[in-house]
Amino acid sequence: MADDTPKIIVDDDWKAQAQAEKERLAQQVEKKPAASAVPATPGDAAAGTEPGTDAEGGERELPPASLTTLISSLVTQIYYALGGYEDPQTGRRFLDPGLAKHHIDTLAVLEQKTKGNLTDEERKLLDHALYETRMHYVQICERLSQM
């Protein structure tokens, strides 16, 4: 007749395995490039990621530096300042029309300084970005004035 009582198996070397894993991870950290030694930004710390990595810990792929990327970045900042996006840390929307106006003015400076040096596609993108963000800014300011 088989003994049906549960048996407790004690793994006496679990501490050694844990220590070996800790040492292996420490070696991996030491092998990372020096850039990873830069302190994490508040956004990185909140997301639990190392600088230069995405949320899953893989290498973050940045878009190429270009006029399109610059315009997109400024438009994103404008919409964020106009309450278009929730703050990922607080879940609340941020509203700062003055900051939005500053970024719109920066787009206008970019338009002025690059006049005659843009491709048709770049010019259309910048014109569209300025038109859309200005209209959105006016709508938000009108709503605020009615409050």
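**Close-up views of a predicted model**

**View 1. Helices H3 and H5 side by side.** The axes of H3 and H5 come within 11 Å and cross at roughly 5°. Axes here are lines fitted to C-alpha atoms, for helices over the stretch in contact, with angles from 0 to 180 degrees between N-to-C directions. H3 and H5 are therefore roughly parallel to each other (angles under 35 degrees count as such). Helices (H or I, at least four residues) and strands (E, at least two) are DSSP runs, numbered from the N terminus. This is a predicted model: local features need pLDDT of at least 70, side-chain atom pairs count only at pLDDT 80 or more, and totals for chains, interfaces and linings use all residues. Residues are numbered from 1 along each chain as its sequence is written, and side-chain values use heavy atoms, without hydrogens and water.

**View 2. The nonpolar core.** The largest nonpolar core has 17 residues. Such a core is a set of buried (under 20% relative accessible area, 1.4 Å probe, protein chains only) Ala, Val, Leu, Ile, Met, Phe, Trp, Tyr and Cys residues joined through side-chain atoms within 4.5 Å. Helices H3 (67-81), H4 (97-114) and H5 (120-145) each give two or more residues to this core. H3 gives the largest share, seven residues. Ala100 is among the residues with the most contacts inside the core. Beyond neighbours within four places in sequence, Ala100 is in contact (heavy atoms within 4.5 Å) with Ile78, Ala81, Leu82 and Tyr137.

**View 3. The S1–S2 hairpin.** Strands S1 (residues 82-86) and S2 (residues 93-95) pair in the antiparallel sense over two bridges. Pairing requires that DSSP finds at least two bridges. Six residues lie between S1 and S2 in this hairpin. In the turn, Gly91 has a positive phi of about 75°.

Notes:
Buried < 20%, exposed > 50% of the residue type's maximum accessible area, 1.4 Å probe, protein only. Parallel < 35°, antiparallel > 145°, perpendicular 65-115°, else oblique.
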